[in-house]
Amino acid sequence: MLIHETVISAAHDHPDSPALVGPTGDVTTYRELRADVTALADRIRGLTGCGDRIAVASRKQPGTVIAMLATLVAGRCYVPIDPSAPAERQEFILAQSEAKLLITETPTASPVPTINPWGPGPDRPSAAEARPISPDDEAYVLYTSGSTGEPKGVVITHRNARAFVSWAAQMYPLRPGDQVAVHAPLHFDLPVYDLYVGLGGGATLHLVDERTALFPQGLLRFLAEHAITHLYAVPSALTALVNRSTLAADGLPALRRLLYAGEEFRPSALARWLACVPDAAVSNLYGPIETNVITHWPLAGSPASDERVPVGRPVPGAVIALLDPDGIASERAVMEGEIVVAGDCVTPGYLNRPDLTEQAVVRLTTETGAHRYYRTGDIGRRTEDGVLHLLGRRDGLVKTRGFRVELGDIEAALSSHPRVAEVAVLAVPDPATTHELHAVVVPVGVPDDELTAQLLGHCRRKLPSYMVPGHLHLAADVPHTGTGKLARAELTDLVADRSGEAP
């Protein structure tokens, strides 16, 4: 079944169970979910043509989830837009996606027809006849930051979405009675698990409003009050929760499963989390938006302070190879190289950007034949047991003083210090050394005059001299993106403003 069909099936099987709980506590049952989705799908069919893209710009609430599902049921493709994004960005996405309809709760001077299904509106037009949906039809388009400064739309087909959801529903199932926190924004890829595995399994989804998601103590209160059993979030948000809330004292006794993805979870913060939720199963999921999850690694215990957690083994259906600088690719060899992936999970490309698509894909022949691979831009290492370890971004490999340095290794070393809550390392171009290394550290507790020297001494004990940062900046916090990840681009300005700080 397609991903929305599993939700409709669950609604038929569990009509009186709660499906969605909104930020204000309003509950939508599966019976109500099915009726609302069906009604809105009919309305969408009457206003648009088969295969049209429908923009959905609304805050995190049950109606937004219903709009996304209704778009799929109608045989259209949804384009989620962050309603808090600058108007210029929203307008760009509307135009670039060629959306034929905008579903929003906020009055707007949109260049495309707009409907507000949450409020009064005109009579519904007659619904057009539905047509069968092909697995290769577009399901949704997720916009992510582009290197040129313009967002790029990642096309996800029904085949792509089903590849992930089918695997996740078997490996990390959600069932009636499970209480799932939808923490990540709906224009991000993490909620695909929450929505389609959760609603497809009959679970209850609790929508974490945007403000609560940003404040660790408020988020902890939300998770406790709703007795959340399953949580999927990015490590930056989880690190803030363990560092800036009473999680260590209060715990989350109802939590049974914690999944994380999107960036590396530093071992020291991860170990503190594991100590707070000893009864929860924890797994590291890895994969870019263009493929969703392609590897996973269930944790068997707490990692050592200087041990980077593997990204694990490929999920069924994902063909993963490592591509070395000489153009040699292998799915099995013990080696280092760029992680490339083929299979049903891989996007057909970037919407209306064939140039970007061409740059991102490569055709290679490996042990299992010729495949069309997506280049993740991540550098990995495969060990003798077939486990993949993430070394860092292709653009995270820099030269300094003639040596090749992976910024993630320096971050891992610094994060193993007990006084480090969060850390990011930047490489700033320098004519004398190629790059100067700057570390931005959020300390645990109030920093003293000796902390900088202690941290640099810690680095010198763990790293070669050329990898020890030349500049170390203590900060009360580091900037994050709207999806909760570390905003490295903004850190450049912070480093520039504080470039006088040095060991």
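These entries record what I looked up on the cores and cavities of this structure.

**Basis.** I worked from a predicted model, in which local features need pLDDT of at least 70, side-chain atom pairs count only at pLDDT 80 or more, and totals for chains, interfaces and linings use all residues. Residues are numbered from 1 along each chain as its sequence is written, and side-chain values use heavy atoms, with hydrogens and water left out.

**Cores.** I looked up nonpolar cores, meaning sets of buried (under 20% relative accessible area, 1.4 Å probe, protein chains only) Ala, Val, Leu, Ile, Met, Phe, Trp, Tyr and Cys residues joined through side-chain atoms within 4.5 Å. The largest has 78 residues, and Leu-33, Tyr-140, Tyr-193, Tyr-196 and Leu-199 have the most contacts inside it. A second, separate core holds 29 residues, among them Leu-220 and Leu-299.

**Leu-199.** I then listed its contacts (heavy atoms within 4.5 Å). Setting aside neighbours within four places in sequence, Leu-199 touches residues including Val-7, Leu-33, Leu-69 and Leu-205.

**Cavities.** I searched for cavities, sets of points on a 1 Å grid over the protein atoms alone where a 1.4 Å probe fits but cannot get out; lining residues have an atom within 4 Å of a point. The whole structure has three of 30 Å³ or more, a volume being the space filled by probe spheres set on the points, which are joined across faces, edges and corners. The largest cavity holds about 80 Å³, and its lining includes Tyr-140, Leu-142 and Asp-189.

Key
Buried < 20%, exposed > 50% of the residue type's maximum accessible area, 1.4 Å probe, protein only. 1 Å grid on protein atoms, 1.4 Å probe; cavity = no way out; pocket = protein on both sides within 12 Å on 5 of 7 lines; lining within 4 Å.
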